[in-house]
Amino acid sequence: MSDKHYDALPKAHTTYANIVKSLLPIGNSGKIGKDQLPQATYYVDDLHIDQENLNDYRKICGFADNGKVPITYFSVLSQALQMNMMVKEPFPFAMLGLVHVDNSVTQYRPVGERETVAMSVAFDNLRDHAQGQQFDFVTTVKSSEGEMIWEGTSTYLSRSKKPSSSKDKKSSPRPVTVKPLVNEEGVHSIFEVPEDIGRRYAFVSGDFNLIHLHPLSARAFGFPKAIAHGMWSKAKCLAMMDELPDACTVDVSFKLPIFLPAEVELIADPVAQLESVENTCQFGLYSSKNDKPHLAGVVKRQSSH
């Protein structure tokens, strides 16, 4: 068991120095086999939120400056710990090119921007996938009194080239998607995603994965252009919707990448229909030009802890 406690979130420049070092071919880096994940949890025991970074995050995603932490923000903060875990532990996969496929966040109550909290991140749930292997990072955030106030799960895919016959591909056609009808009481918006959003969001979030930064670096990983960060697109959708319940879960599956620049279309149910824990509010982000889905999400009300 390898647990590590930090006084504050690791800074991006030291994290990236470690990442570059881990990519250099210096002997065997002590990676474990791909049938297990490191048994490790990383903690920041007294996390003070950087107000300047929070304000930059609100601006780039469109959240209101209302004294509360946006529901997706702790996912962003936990990435500094995630990246250090992938570098410092005997992590079995290549970090560059990992694909973020699903993200779930649950807020049990609003969190004030000046609150001091405790954050922990752990590896979990390694499983096989048709295109390789998936695993989760599980993040928990507790108040200074030890009350669970937020938790999140980020699911990543490590793609591996498996021999597959053309027959296999024909037997599992890509599901056909059709945009849902626009609910007049919900949110419907068509908007531009600028070419530089990946670079701008990287500086705010600390996620400098090369697939997001430039067409040339994205091409090295098989993408024709740079693609938007999934967590930016999730946050942007939520910021454009009405205020969420104080206690809720937002699950998102990332579908087809948003190649930058792009024009996208948000179609969302009204948040007001979340009257009880049985109700759901569906939302999706699509290409504005066709039915191709970029993101499919659902909001559910939670009973507060």
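**Reading the model step by step**

Q: Where is S143 found?
A: S143 sits in the loop between β5 (132–142) and β6 (148–159). Helices (H or I, at least four residues) and strands (E, at least two) are DSSP runs, numbered from the N terminus. This is a predicted model, where local features need pLDDT of at least 70 and side-chain atom pairs count only at pLDDT 80 or more, while totals for chains, interfaces and linings use all residues. Residues are numbered from 1 along each chain as its sequence is written, and side-chain values use heavy atoms, with hydrogens and water left out.

Q: Is S143 buried or exposed?
A: Buried means under 20% relative accessible area, exposed over 50%, and partly exposed in between (1.4 Å probe, protein chains only). S143 has a relative accessible area of 4%, so S143 is buried.

Q: Which residues does S143 touch?
A: Contact means heavy atoms within 4.5 Å. Not counting residues up to four places away in sequence, S143 touches R109, T116 and I149. The C-alpha atoms of S143 and M119 are separated by 9.1 Å, and these two residues are 24 residues apart along the chain.

Q: Where does S75 lie, and which residues is S75 in contact with?
A: S75 lies in helix α3. S75 is buried because its relative accessible area is 6%. Leaving aside neighbours within four places in sequence, S75 is in contact with Q82, N103, V105, W150 and M231.

Q: How do the axes of α2 and α3 cross?
A: Axes are lines fitted to C-alpha atoms, for helices over the stretch in contact, and angles run from 0 to 180 degrees between N-to-C directions. The axes of helix α2 (residues 51–61) and helix α3 (residues 73–88) come within 11 Å and cross at roughly 125°. That angle makes α2 oblique to α3, since angles under 35 degrees count as roughly parallel, over 145 as roughly antiparallel, 65 to 115 as roughly perpendicular and the rest as oblique. On the α2 side the contact is made by N53, L54 and Y57, and on the α3 side by Y73, V76 and L77. By class, this contact of α2 with α3 has 5 nonpolar, 1 polar and no charged residues. Here Ala, Val, Leu, Ile, Met, Phe, Trp, Tyr, Cys and Pro count as nonpolar, Asp, Glu, Lys and Arg as charged, and the others, Gly among them, as polar.

Q: What about α2 and α7?
A: The axes of α2 and helix α7 (residues 230–240) come within 9 Å and cross at roughly 75°. The two helices are therefore roughly perpendicular to each other. Y57, I60 and C61 of α2 make the contact with W232, A235, K236 and A239 of α7.

Q: What describes a pair of aromatic rings?
A: The distance of the centres and the angle of the planes describe such a pair. Rings of Phe, Tyr and Trp (its six-membered ring) pair if their centres lie within 6.5 Å; planes under 30 degrees apart count as stacked, over 60 as edge-to-face and the rest as tilted. By this rule the count comes to 15 aromatic pairs. One of them is F91 with F135, which is edge-to-face: 5.4 Å centre to centre, with 70° between the planes. This pair links distant parts of the chain, with F91 in the loop between α3 and β3 (99–107) and F135 in strand β5, 44 residues apart. Both F91 and F135 are buried.

Q: Which residues form one aromatic cluster?
A: F91, F93, F123, F135, F137 and Y156 do.
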